[in-house]
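This report looks at selected parts of one model. Keep the sequence and the structure in view while reading.

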Amino acid sequence: MSTEAKAAPQAGAWEPNIVAFCCNWCSYAGADLAGVSRFQYPPNVRVIRVMCSGRIEPQFILRALELGADGVLICGCHIGDCHYIAGNEQAEKRMKMTAELLDILGIGHDRMRLEWISASEGEKFASTMTQFTEQIKKLGPNPLAQGGEGDGG
Amino acid sequence: MADEIKKLIEETGAFDCVECGKCTSVCPSAAFNKDFAPRLIVVKALEGIKNDPVTAKNMWVCLTCEICNGMCPYKVNYSGFIQGLRMQSFKEGSLPICSQGGLIHTMQRLMANEKLKQNRLGWLTDDLKVTKNKGDVVLFTGCAYQLGTVFADRVSYEREVPRSAVKILNAAGITPAVLENEVCCGHDLLWLGDEDSFFKLMDKNVAALKASGAKKVIFTCPECYRTINMDYQDFSGDMPFEMQHISEFVAEAVKEGKLKFNKMEKKVTYHDSCRLGRHMKVYDAPREALKAIEGIQLIEMERARDKATCCGVNAWANCDEIGKRMQIDRLMEAKKTGADALLTFCPKCEIHFNCATHNKVPVEKSLVDIPVEDFTNLMAKALKGG
């Protein structure tokens, strides 16, 4: 309880909104493990489950940022472990392009991160969320967020 | 809604339609899609049929290539009519399924955002002579670099287009200005019916272009050329500068002896993209530019100039099996000429044609395997000392 009370945002202080796309087979299970193991991580992350990291289109990331997300995480199975054989390899290719696109558009690739998290890596899930939240806090609010419209998911 | 449609009918001359059906007979989309007819859309609106489900679908099937406008004996502005319908539809929240999940439109809307500072000139290298933001001649680079990044597995060569354009201008003794705060011209959003975002982009570009003090603006992308020349001037008054497509610039510079090319042995065929051809009526300049390169042999396709067919997709709103068939059809026509490459200026045409052959094709692969090349890149490659 005491740690939660400390982490609770002060009224009016800015807290980042982070969208995390997690694949059904590894990363979502990893999030589950983090939960049942009671690993602590910041409450800024909203998890969206997709069947495979290969399902995540560049558009999802841009659209999330357009709607006011401060950061977007993409989590999938480790290379070689994909439930659909090579979905994560496709994701890697797409996300490389998306990172480049974010730089060109002036949003910066730092607002996006691709991580491989397996079902047994609850701790890695929690630490990734903590690190990424810290990174986004340093970057500050998404310049595209319009007057809190996209706040609160 | 009804009033707006009435106004649209008057503005586009749709009232003059005599139902002759010439528009449908030349429509590249109707040739493959028997449910689609430009005439039907206009006739239904004239008869006052509201909320027609066929029209609701077909307004997005239209490719706005304007081959019908040119054929109509009563000069009905079909593409203008479709654009008006789309704006209405957009306001009501009815949208088609866009390719890439709407990525390109999102990119363009992001550029319209005030707070975003783009890295617009990431393609600049030290060997190029340019000035930033201010100059007599401005090169409006367009989104070829961005599109080449998004579609890197098919058309990565589009990333070279702005560089190629600068090289051509430099070779003709011109140091062009490039704009750091240039944004997308908004063509796709306009044809998707998203007026608000289009106007935001337009205001940004008009401000940047006017602040540059340009006397002349040069374009490589046919869509930018059309949008700024026609739509911007329609909506925000005459621009205080001359506008020229790079092909017109090259044709003129060659005539004046300012630009010289090396010999290049190649057989090519040229695809008149709808925006540069039928919309802007630039047919001769690209052909003159090719003539200036010794050794280049241009073999025309059967349907060339104002009869050229379409690449099958408009504003990313209608990529489907009909478009694919049109692309395959056009590529077969290009291949039949025996040329080594299919040249075009439009980055979208290049993407769509490359997409058609990217996966399985419904015909023998040997019938369509003609490389699609960018015209501006080719000219830059042929430059003396380039």
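The model is predicted.

## Helix H12 of chain B

Helix H12 of chain B runs over residues 195-211, which is 17 residues. From its first C-alpha to its last it reaches 24 Å, close to the 24 Å expected at 1.5 Å a residue. Just after H12(B), B:Gly213 has a positive phi of about 70°.

The buried residues of H12(B) include B:Phe198, B:Leu201, B:Met202 and B:Leu209, but also B:Lys200, B:Lys204 and B:Asn205. Their cover includes helices H7 (103-111), H11 (187-192) and H13 (222-236) of chain B, together with strands E2 (137-140) and E4 (216-219) of that chain.

## The largest nonpolar core

In soluble globular proteins, nonpolar side chains tend to be buried together. The largest nonpolar core here has 166 residues. Among the members that touch the most others are A:Phe21 and A:Val72 in chain A, and B:Ile218 and B:Val250 in chain B.

Leaving out residues up to four places away in sequence, B:Ile218 touches B:Val137, B:Leu139, B:Phe140, B:Leu169, B:Pro176, B:Gln244, B:Ile246 and B:Phe249.

## Two positive phi values in loops

Most residues other than glycine have a negative phi. B:Glu19 has a positive phi, near 60°, and lies in the loop between helices H1 (2-11) and H2 (22-26) of chain B. B:Glu19 counts as exposed because it has 10 C-beta neighbours inside 10 Å, and the limit for exposed is 12 or fewer.

B:Lys75 also has a positive phi, near 55°. This residue sits in the loop between helices H5 (67-71) and H6 (78-91) of chain B. With 10 other C-beta atoms within 10 Å, B:Lys75 is exposed.

Technical notes: Residues numbered from 1 in each chain as written. Chains lettered and ligands numbered in written order. Predicted model: local features only at pLDDT ≥ 70, side-chain atom pairs only at ≥ 80, totals over all residues. Helix = DSSP H or I, 4+ residues; strand = E, 2+ residues; numbered from the N terminus. Expected span 1.5 Å × (residues − 1). Buried ≥ 20, exposed ≤ 12 C-beta atoms within 10 Å, placed from the backbone. Contact = placed C-beta atoms within 7 Å. Core = buried A, V, L, I, M, F, W, Y, C linked by C-beta atoms within 7 Å.
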